Structure formats: structure tokens, C-alpha cells
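Biologist: I am new to this structure. Please put it on the screen, and I will ask about it piece by piece.

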Amino acid sequence: MLLRHTTNKVADRHALTVNPAKTCQPIGAMYAALGVHSCLPHSHGSQGCCAYHRSTLTRHYKEPVMAGTSSFTEGASVFGGQANLVQAIDNIFTIYNPEVIAVHTTCLSETIGDDIAQIAAKARESGKIPEGRYVFHASTPSYVGSHVTGFAGMTRAMVDYFAEKCGKKRRQINIIPGYVEPSDMEEIKRIAKLMDIPAVVFPDTSNVLNGPQTGKYEMFPKGGVTIDQLKTTGDSMGTLGLGKLASGPAAHALDTKCKVPCQVLDLPIGIKATDRFVDALRSMAGVNVPDDINIERGRLLDVITDMHQYFFGKKVALIGDPDQLISLTEFLVSIDMWPIHIVTGTPGKKFEKRIRELTSEIPGPVNVKAGGDMFLWHQWIKNDPVDLMIGNTYVKYISRDEDIPLVRFGFPILDRAGHSYFPTVGYRGGIRLLEKILDVLLDRQDRDAPEESFELVM
Amino acid sequence: MSTIHILKERERQIYQKGNQPFDMVCEKVSVAGSVSQRACVFCGSRVVLYPISDALHLVHGPIGCAAYTWDIRGALSSGPELHRLSFSTDLTETDVIYGGETKLYQALTQLIDIHHPKAAFVYSTCIVGLIGDDVTSVCKKVEKEKGIPVFPVHSEGFKGTKKDGYKAACDALFKLIGKGAIDDISPCSINILGEFNIGGEAWIIRDYYERMGIQVVSIMTGDGRVEEIGKSHGAKLNVVQCSGSMTHLAKAMQEKYNIPFIRVSYFGIEDMAQALYDVASHFKEKPEIMEKTRELVRKEVSDIYPMLQKYKADLKGKKAAIYVGGAFKAFSLIKALKHLGMTTVLAGSQTGDKDDYEVLRQMCDDGAVIVDDANPLELSKYLIEKDADLLIGGVKERPIGYKLGVGFCDHNHERKTPLAGFVGMLNFAKEVHATVTSPVWQFTPRRDNSG
């Protein structure tokens, strides 16, 4: 057993993380930046950071992931990275020719104290940034927060740098989709379109990280929010930020900067959260919910009622990112499943409180931890076993050792395909999630059933 | 994709074989702003030491460095699997301000108490180099308290290239060598250096040498054990593959323990056979070893030859592009591809030196492109220009090949089947054949003849 080293006894471990349930800020910033059209993310740090982020994103999305690096050397670490960054900006616009460069920092450049805004201004002054091109940045030291806060920071930077208020309201809504899959961003756009609401969705990695096979290598694929679109966000009717942690900062920044009223909602995963999303869209844009959406909702409800006997009382362990886990917990509780072990690697006090509220009706104890790791989660599972685990690919070790079914959900998924193409948000996404859950639960029931009760119709 | 710019600074890192003089520039740090496929010092150290499966590997730094290197290499172990877990001091802002030494000490002692490893490696990351934690003295303190060797690995990401990371790893290994007893070691004995047991390759190689009557004292570091490495100074010869990573160690062992070394490669028929013959001729006082070697090579080659011929019939005239970490591997691959009737139209590496590129130049046909530290645009440009049917590379190259409609073979740490040894050559042929002749390319635009 690979995880034979996991012991039952839970001990205090504040100096040590074993089998992390998070990673560092810069990769989230890189992912967010890829959701801007014709943008080259740029890692201001050592070469390794950039290589690791690109490899991890490539493994998850099965797509080429482009990003530049300042290639820090010992000299840069002593004298500061300004020369490297200015040279990088010059080289990037000369050779790769993006419309925009999104610089994120690393533990190295943050600790040295490089001032990116000032360096970018200098590059602009000395003509290294061509007319009509942009450089923007987010500060993402690796020793603060997690990949989710890095995503949130870069998304907020899009507002800080580009949102403008020209005074004339536009009939459009800003939707900040959160740290979700390209397929989810696409689904959110589809829902807005069905409701006849013009929407600026940012960041938007659809058609960047789930692009078609074209026989061509395009460094900057078709997808992504454009800078022109980002500029208009200051004149929108309102902003919906999905996921407090990933989208809250950008939504509030837009409110502060351009007085665009905002609502920060949970990620629309599951029936209740999607209801709230659709309702917020409806009231913000002053439209009616079209039949097509009601039908989708009805179908999700139909699956839930048809299959509810398989959900009842099933204990579930969840691990992943805070915004996802909150909605997922609510969804599972609403269909009578019992999420009892819930861990996110991202630190934050509000998370635990919210999960406690959502799970208050569940009989028996519920374990929840923000800033935890997989080792702790595994220990909880050992002490109080579950019927189902939901988490990223790394959970497969625990799944195998404990012989508990696993639904892959979250980041990263390194060993399966589909997450880039099929959403888990919205009503249709809800059906997909349930399908995945039912598949593993019923497969397990079939596997373990004695012959006489191995039934054709379950 | 008609024209792409090649950065002026990079012009001399790309060479097209023809009449112009050969003056390849390499071994330089990547140009800032280039989308390089290279990694950092930490990465180099981590990959070299990672397969030592009964040691504790603690990454001292923010969470990312540990998260990205958690079980991403298929370096198989026949026993302990402690190396496949991820341990991090997960440094946060306060640690960066006040220092991470206490945290490191606590983490180390706690882990040693729980897991009872045979040794511990502590990897320094960028931030540790900046805040100035005295990792060495923490390691010394813990070593004394816990009674196991605890080695600092000075792998701060910015302190050079991946090669410097290899060197830092070799330095740590070198400190471990000499700690074990060597009385039971045969006069015909070797260490296998630079073999990381991806897909079980070290087991195949070890088996060959043992069948020749050679004792394999240690493998560094595939399926590695602290105890074996500790007595590796008893071996009579070091056999170095992946020269970029391990030559430094081999040289150090030669100096201190007087152990000679040879450079080998286990990829492809000729190089594999050569690797065995070279070892056999080192032990010429025992002619039966050479006899057994001849017998072994004859048997292994005749086992795979008929199948190889079948693959060759389909692959003849197909064109391959190679972009790998070390240039030495590229040499073997070019030879192996020749065996399959294929020509190499692009050969590149992340870390090759001038001599390496000269060898590459000699091996390739006219028109072939030779490139150092390539970026994705350059790769895609030449893949299309040269109309390649196959790209051999690693994780970041794979989707580039696929987007263009070019077959792909992973010859990096994500390969799942062994590609080393004679049987590895057959696996390689099978994999290349499967991807190059796959019917899926009929749908891709560049091969679509339907309209």
C-alpha cells in the first residue's frame, strides 16, 4: 500500500505539510492570465517555477501552456530583477508578439522587493512596450495563500489595470466565473446567452485550454476575454462574482473603482447555488428565465428524484478548493448525502464556519479544516470510513488503499479526460456530477454484490 | 506559421546542417522572456535524488516546490515507497520574516519519528537561499539527535541551471558514499549511475549485468537504497548513463576511491550492447564474462529482431524530431530511429554542450536542424517545415506535437513502459509504430486528404 505510512492517530503538525491539498499562488495567476485573449503569462522568478506551472497545467488540460520567465540568476537575486524583466518584456513583444503580458511574482522576486508596476512603467517609458500593447501584474508570493488566491489576485489585477468608467451604462453584466474549468466558463456564458444577457466573462479560458485540433500551433488561441471587453466592465449594469475567494476581490474592486454594483455568490454547483445564480442574473438584467433553462432545471430535479434512494445517508469525504467545496457540500446535503470529512489546503477561517452551517443537519460528527492536507484527511477517513471520496487525482492513492470509490473533481486531474469539455456548474453540470457519483456508487454495489443479489435492474 | 522571429540572441543556438560553419552557442542561461522548456536547480536535484525510496525527502520552502514534484516521476521501487509522498515545511509569510529554521527542525524530527527513514535529504528552495536559513546546521543537529544521516541539498532554484541541481544532488550522494561495509563485494562489480528506474528500466539493466556475472553494488538512484549507496565505494567500476547528471559524482568517486568510470547509454541496440561489452572488457581478467556477454547480446537481439523488422517495414522513410533534456540521449535515439528506417530531421536538447552538438551534427543528415534550449514556436516551426511524423520529447512538448497532428513518444520521466535495454528497444519501436501509423492522423488537417 502506497500510503501505508498514514497512521490513525491524529497528531498536531503545525510545522509540516504532508501530501498537500493546495499549491502556490503563481500557478493560479498563470491560469487566470491564460483567460485573457492574446496574453502571455510571465513568471517573474526562477526558471523552475514557470516550468513546473506549465507542466502541471499541461498535464491537467492536455494543451500547450505558454508562459515566459525572467530566468532569475544569482545576480538578479542580489541586484533585483528589473533588468531581467525589462529585457523579458522587450523580447516577448519582439518575438511572441502578444497583445498583453501578465506578470506574476514569485517568492523570490517578492522577497527581493521588485516593484513590478514601476518596472513596467520604466519599460513603457523606454519604448519596450509597443503602442496598443499592455503589461499588467499581480503580486503572488508563494508563501501566502494558495493557487486560489493567486487566481483571485490576477483576476483582480484585470480590473485594477483595465476597467474604465466612461459614464454611459452598457446593457451587459460582468461575470467572474471563479477558478473553474474552461468547460465551466463556457457553460456560464451559455446560460447568460440563453437568458439573452450580454455578458463579459473574465477570465475566460474556454477555447484557450480546451481548444480544437486545428493542425496549427497557435501560441495565442481564439478564446479569452479581450482588453477592450475588460475596459467596458466599468460601464456594466452589475457584476456577479462566483466563488467568494476566487472572484470576490475582483468584484469588489470593480465596485470601488467604477461603482459597478456587485453580488458575490457561491459557485453555481448543484441545484440551490445554480438557482441563486440564475435568479441573480434575472434580477440584475431585468429578464425572465426562459423555458430552456427551466427545462434544464427540471431535468436535474428529475435525476435527483429518480435516483435519490442511492444517495441517502451515503457518507462522503471532500477535499479541494474552498469555493468548490462550499457549493458541493450544499449540493450533497440537499440530496441527503452526508459530507463528513472536508479539507481544503487553502487557509481561511470563514470556510470552516460556512461548512459547519451547511452540514449542521447531518447526524454525527463532521470534520472540517481549512489549511489542512491530505494526510490529515486520510487519517479522518481511516477513523470514520466513508462511502465516497471526491477530490483531485492525488486522492487515488487513498481510494486504492482504503478501497473507497473516488469521483475526480478539482485541480489537478492528471489521469482522466473530460473535465475540460463537460462542466460541473449549472443544472447540466449538476446532472454530470450526479452521473459520476452514481456511476462509482453503483459500480461498487455491483462489484460487491453476492451473485444472488447481483441484479440487472438496480 | 509561415515566418517566426528567431531572437537575435538565439540565432547561434540553432543550426541547420548544410554548408555554413558550425559554431553552436550553448550552455548559456535562457534569454529572459523566452518560453524555455527548461527548469531550475531544485528540479535537477529533486529528480536525481527522488528515487531513493527509503530516504525522507523534505522540501524546505513554500508549498509549490513540493506540490509540483509530488510523485510525478515513475521511478519504481521494489520496496519502500516513502519517496512518493510529499513533505513540505510549507513556509508562510512569518517564516520568511523570522526564518524557517525552527520549523525545519520540528518538521524533520517529527517526520523521522513517524517514518524511521534510513537517511534524510533536505532541499533548499529559492526563498531559503534568500532568507539565509542555516540548513546545514539544522541537518547536523538532527543527524546527531536521531542517528541517521541528514543531508542538506543546496538546490536554491536561482543558483544556476538544472545541471547545477544535478551537481548539488551528487554532492549530497557523495557524502553518503563510504558509510557502509564493503567486504562482501566481488572484484567484478559495478555501480550503475544515472539510471532512475523509470518504468522499471534499472531492473532490466541490472539483470543483464548479473547474467554476465557482474555484481551490481548500487544503482544511483533508481530503486535506490541508502545502505546500497553507502557501500558503493566498494565497486570496481562506475557505469554512467545520463552523463549530464552523474559524471560529477563519478569523477568525485574516481578521485577519492580510485574507481574508474565509463559513459554508456542503454537506449537502442548498438548502445545497449556497447554498454555491456564495455563493462565486460573492463574485467578482461575474467574472459568468461565476455563470453557470457556475447551470448546474452546474441540471444536478446535475436529475440527482438524479427519484430523490429516488421515495424521497420511500416516506418521506413518517416521523419522524426527529437527534443530531450540531455544530448547523450539524443545520440542513442538517432541510432535507434535509424534502425527503424527513420531519419532525424530535428535534434535538440535543453542542456547539451558544444561537443555534444558537434556529435549530433555528424550523426544527422543534411538539412537537419540542431537546436539548443528551444522554445515552442521554434519547435512547431521546424516540425511543420520538416514535415515530421514523430516528435520525441517530454510533458510540455506532447501537446504541441498533437496540436500539429504529429505523433509523439514520451522519452522523458512520464514514459510508462521501459525504453531501455533490448526489450526497451522493442517497446520503443512498438510505441513509435503505434503513434506514427495511428489512423487518428487521417482526421487532422495536415494529413486530411478528403477534401
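Biologist: Among contacts in chain B between residues at least 6 apart in sequence, what percentage join residues at least 24 apart?

Modeller: This is a predicted model, where local features need pLDDT of at least 70, side-chain atom pairs count only at pLDDT 80 or more, and totals for chains, interfaces and linings use all residues. Residues are numbered from 1 along each chain as its sequence is written, and chains are lettered from A and ligands numbered from 1 in the order in which they are written. A contact means two C-beta atoms, placed from the backbone, within 7 Å. Among such pairs in chain B at least 6 apart in sequence, the share joining residues at least 24 apart is 73%.

Biologist: What radius of gyration does chain B have?

Modeller: The radius is taken over C-alpha atoms, and the globule rule is 2.2 Å times the number of residues to the power 0.38. For 451 residues a compact globule would have a value near 22 Å, and chain B agrees with this, at 23 Å.

Biologist: What share of chain B counts as buried?

Modeller: A residue is buried if 20 or more other C-beta atoms, placed from the backbone, lie within 10 Å of its own C-beta; it is exposed at 12 or fewer, and partly exposed in between. Of the 451 residues in chain B, the buried share is 59%.

Biologist: How far apart do the C-alpha centres of domain 1 and domain 3 of chain B lie?

Modeller: The bounds come from an automatic or database domain assignment. In chain B it gives domain 1 (41-176), domain 2 (189-297) and domain 3 (316-415). Between the C-alpha centres of domain 1 and domain 3 of chain B the distance is 33 Å.
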